Amino acid sequence: MFINDWKVVGPELFLGIAVQLLVVLGVWYGSRPPYSVLVRPIKALSMLTTALTLWLIARSNIYGSVWNESFSFHENERIIHIWILVGCLVALVLANNKTVYENSLFILFSALGMIGLAASQDFLAFYLTLELQSFCFYILAATRRTSQYSTESGLKYFILGAIASGFLLFGGSLLYGATGSLCFSDWMLLSQVEKPMFFALGMVFFFVGLLFKLSAFPFHVWTPDVYEGAPTYITAFFALVPKIAVLGLFFKLLSTSFYSSIEQWQPLLVTAAVGSMLIGALGALGQQRLKRLFAYSTIAHVGFILLGLATCAWDTSFFYLALYFVMTIATFSFLLSFGYRNVNELAGMGRTNPALGIAFALLLFSMAGVPPLAGFFGKYKVFEAAIGAQMYSVALVAVVTSVIGGVYYLRIIKTMFFTKVEDVAAPVASPLATYLFSLSVGFLVFFVLYPAPVYLFAEVLSIS
Amino acid sequence: MLSNLIVLPWLGILVLAFVPSRNTDLIRKIGAGTAALCFVLSLQLWVLFDNQAVGFQFVEVKNWMFPVYFGIDGISLFFVLLTTFLIFLCIVATWESIQTHVKAYMMAFLVMGSFLVCVFTVLDLLFFYIFFESVLIPMFLMIGIWGSRARKGRAAYLFFFYTLLGSLFMLLAILTIAFETGTTDYQVLLTTTWSESRQIFLWVAFFASFAVKVPMVPFHIWLPEAHVEAPTAGSVMLAGVLLKLGTYGFIRFSIPLFPEASAYFTPFMFTMSIVAIVYTSLTTLRQGDLKKIIAYSSVAHMGFVTLGLFTGNVVGLEGAMMIMLSHGWVSSALFLCVGVLYDRYHTRLVKYYQGLTQAMPLFAIVFTFFSMANLGFPGTSSFAGEFMSLAGAFEANVTVAILAAIGTVLGAAYSVWLCNRVLFGPLQTEVLSGYSDLVRREAAVFAPLIFMTLWMGIYPEVFLQPIHLSILYLCA
């Protein structure tokens with residue numbers, strides 16, 4: 001029995017041990033100058049480790065719950081894990097850091113945390129893995145020690161994150177008090193029998209923590225600052241990966257443990273979703289800084305994802321997240337390959353590099369939800385879910401916010417193409433990021449021709 | 001057949017992608033060649049079209065997530081032809097006036113052509129929406145990149161957001177339909193009936209989208225802006241085809257899918273049409289920009305179209321179809337005329353032009369001809385359309401017909417006055433120096449338009465035959 005547990009977690013075990021070895025390697029060779037000598041090898045080794053873990057997970061066919069039902073590794077979780085690791089791989093590819101090797105390791109550590117988070121079946125396991133990833137994130141956000149913005153970002157993230165964790169723990173203790181168990185599946189069983197008043201209260205506090213991690217309204221305040229302050233590839237990592245793990249867990253909780261309390265959480269989630277859409281759409285209107293703008297756009301996208309959850313249309317959420325994932329990869333690989341920071345730096349892009357300019361314009365059209373690009377289908381599915389749940393007014397708000405959202409995406413396009421600039425030097429692009437960018441924009445453009453795999457992917461994930 | 005017509009422009013784009021952008025002449029030739037090929041293909045549709053068959057022809061199924069049908073009937077046949085015809089003409093007409101980003105320009109045109117053919121042929125509500133919206137992307141870029149003045153950003157925005165906001169309501173309606181019937185297939189939906197209250201709700205949502213596109217009067221603000229700022233070819237496409245998307249939507253979806261709601265809203269539509277006709281005709285009189293004059297007169301003509309569409313009788317509906325087609329070449333030709341002037345003098349203000357007859361006789365003839373066509377002169381295509389539309393309105397409601405007929409008088413007023421100001425009087429040599437009449441390429445562009453206008457004016461039966469059965473089916 002015990003041996004079997006280890007077999008199930010084999011890939012994770014490999015990841016954990018490999019990261020420790022890399023740390024040892026770093027300490028061994030990195031303790032004397034020049035410190036930067038290790039950056040490239042460790043990054044390459046991290047990528048290799050991630051790729052190997054991916055391969056191991058893809059190959060592993062042993063499913064089961066381990067360690068007293070604390071973690072469950074079944075098909076769904078495995079797909080989420082693969083998704084998380086792909087995200088980490090993308091972040092590592094995009095990483096253009098030249099001074100500290102530790103960042104690659106922190107990305108791997110947090111990947112370990114997120115894998116555990118998505119697999120957790122028990123409040124304690126959930127909390128510990130959540131903190132593992134969160135601590136890595138705080139450090140990553142503050143990684144540019146000399147920059148005021150980066151330290152501010154790390155500190156803000158840490159303090160607000162700590163408060164969210166506090167709420168989470170409080171919620172967990174209330175739920176424990178109500179049910180006498182920390183196990184998610186026990187909550188499901190017990191909540192069907194009888195629900196003490198503070199079961200709902202605990203659930204609400206629990207959601208506070210999760211919504212914070214998803215950067216959803218009303219716990220979104222940290223997002224623009226953290227996105228702005230952190231180095232861009234770290235921002236890309238924050239935007240890409242944690243959402244997957246948290247959504248995976250959120251889905252599991254809502255569809256099992258808390259499903260019988262749907263009357264209580266549905267209005268809460270709808271409020272959070274609508275609020276996120278509004279904040280995301282209105283907040284980005286006046287932004288000049290690209291990263292802040294995309295932070296708000298992330299909040300808006302999270303609103304759409306949450307609306308899918310709130311209407312119990314799980315596949316909608318995963319579908320939207322998959323498209324969001326590709327769009328985020330495209331956005332950040334574009335930003336990283338040219339190093340743009342402000343919207344007006346993009347002026348004349350359409351002239352100096354028309355091919356990339358048009359590709360970026362298509363990406364923005366896709367984010368604005370203009371058909372036939374992929375982003376439209378995500379929004380369509382969310383609207384469909386809202387209409388299906390008879391929430392006509394919510395659907396109307398979603399429609400209006402997506403129009404407002406269009407304004408700022410189009411503003412970027414306008415800056416790129418419509419403004420006359422004298423002569424701008426054609427920006428130098430980093431090849432790897434540009435390939436990633438072209439690949440993901442290609443996906444968004446040609447999605448309409450053969451969308452079935454993504455629909456199927458979301459469908460498979462939503463069947464638990 | 002249809003899929004060739006849709007795929008061909010994309011093949012052209014693929015070829016264009018491999019041509020170096022310095023080689024502008026080759027790029028233009030490839031673009032024009034692809035467009036010409038599309039036009040020939042669509043002519044083939046007309047030749048093979050069976051006038052005696054009820055329902056859709058050349059039907060094709062594409063397996064998307066669900067089967068999606070493409071097909072044409074009498075209503076959509078001429079829109080497809082109009083699209084391919086105008087795309088080709090536009091590329092030829094702006095052969096020299098577009099000098100920047102030629103490759104992207106050609107690509108935008110071909111993309112737009114393909115999407116427009118899709119809009120007119122697809123028999124699925126969701127995909128109608130998708131293609132209806134996707135036309136925004138090339139048009140937005142066209143106004144913004146090749147537009148003329150500083151206000152083009154604003155114009156592109158207005159164009160984009162008016163349409164987007166309007167059509168998202170249509171999207172919600174489509175979702176409601178999809179949710180309640182489980183399909184968005186047009187042919188299936190034709191057989192479903194809705195309760196009257198539900199019909200009214202859906203009709204209004206569709207109206208929000210189509211009224212912006214037509215445009216009907218309170219929603220028309222974007223049109224003059226977009227027309228003024230767009231490049232000549234953009235204006236031609238906008239007036240020639242894009243405006244018809246709205247009226248096509250009415251005749252294809254609103255009327256057959258929600259017949260009771262359409263009957264319920266007929267007085268409303270009549271009122272809106274009369275307001276559009278009279279108000280915009282009066283507005284046209286006060287404009288000083290050549291393109292704005294034609295833009296506002298387009299709104300007035302579209303008023304005649306919506307009037308005809310909701311008369312509910314065959315004559316009125318066929319009249320509406322005739323006006324749409326006729327407006328397709330007449331207003332396009334007028335925009336091309338303005339383009340001819342703009343290419344030479346880079347201004348569109350009426351006050352700088354005077355007495356052009358003396359220096360540009362050929363141009364004067366063409367301009368006068370299309371102005372006359374625009375006011376609905378007997379013997380031109382507009383006359384056929386407006387007469388039928390008014391006759392239909394007369395049958396439906398005499399008062400409405402009389403009020404709408406005022407529009408024809410006002411139309412004559414602004415058209416003749418415009419001709420008078422631009423063409424006659426002494427030459428303004430201190431402002432404009434150096435004149436050249438139409439060159440051979442420009443004359444060649446106008447020739448087919450003149451031919452079509454006269455043909456449809458003198459013998460409209462050729463155009464009515466394919467339309468006839470579809471309209472009859474709609475009214476029954």
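In the predicted model, the contact between the two chains draws on 22 residues from chain A and 25 residues from chain B, two residues being in contact if their C-beta atoms, placed from the backbone, lie within 7 Å. On the side of chain A that touches chain B, at least two residues each are supplied by helix H17 (354-368), helix H18 (374-388), helix H19 (392-417) and helix H21 (452-462) of chain A, where helices (H or I, at least four residues) and strands (E, at least two) are DSSP runs numbered from the N terminus. H19(A) contributes the largest share of this side, 7 residues. By class, the side of chain A that touches chain B comprises 17 nonpolar, 3 polar and 2 charged residues, with Ala, Val, Leu, Ile, Met, Phe, Trp, Tyr, Cys and Pro counted as nonpolar, Asp, Glu, Lys and Arg as charged, and the others, Gly among them, as polar.

Residues are numbered from 1 along each chain as its sequence is written, while chains are lettered from A and ligands numbered from 1 in the order in which they are written. As this is a predicted model, local features need pLDDT of at least 70 and side-chain atom pairs count only at pLDDT 80 or more, whereas totals for chains, interfaces and linings use all residues. Chain A has a mean pLDDT (the predictor's confidence in each residue, from 0 to 100) of 88, and 97% of its residues reach 70 or more. Within chain A, confidence is lowest in helix H1 (residues 2-8), with a mean of 76, and highest in helix H14 (residues 290-310), at 93.

H19(A) also packs against helix H13 (residues 262-283) of chain A, at an angle of about 20° and with the axes 8 Å apart; axes are lines fitted to C-alpha atoms, for helices over the stretch in contact, and angles run from 0 to 180 degrees between N-to-C directions. H13(A) is therefore roughly parallel to H19(A), a term for angles under 35 degrees, with those over 145 counted as roughly antiparallel, 65 to 115 as roughly perpendicular and the rest as oblique. The contact of H13(A) with H19(A) has 10 nonpolar, 2 polar and no charged residues.

Gly116(A), in helix H5 (residues 102-119) of chain A, is buried, with 23 other C-beta atoms within 10 Å; a residue is buried if 20 or more other C-beta atoms, placed from the backbone, lie within 10 Å of its own, exposed if 12 or fewer, and partly exposed in between. Not counting residues up to four places away in sequence, Gly116(A) touches Phe71(A), Ala125(A) and Thr129(A). In chain B, Met452(B) lies in helix H19 (residues 440-458) and counts as buried, with 20 C-beta neighbours inside 10 Å.
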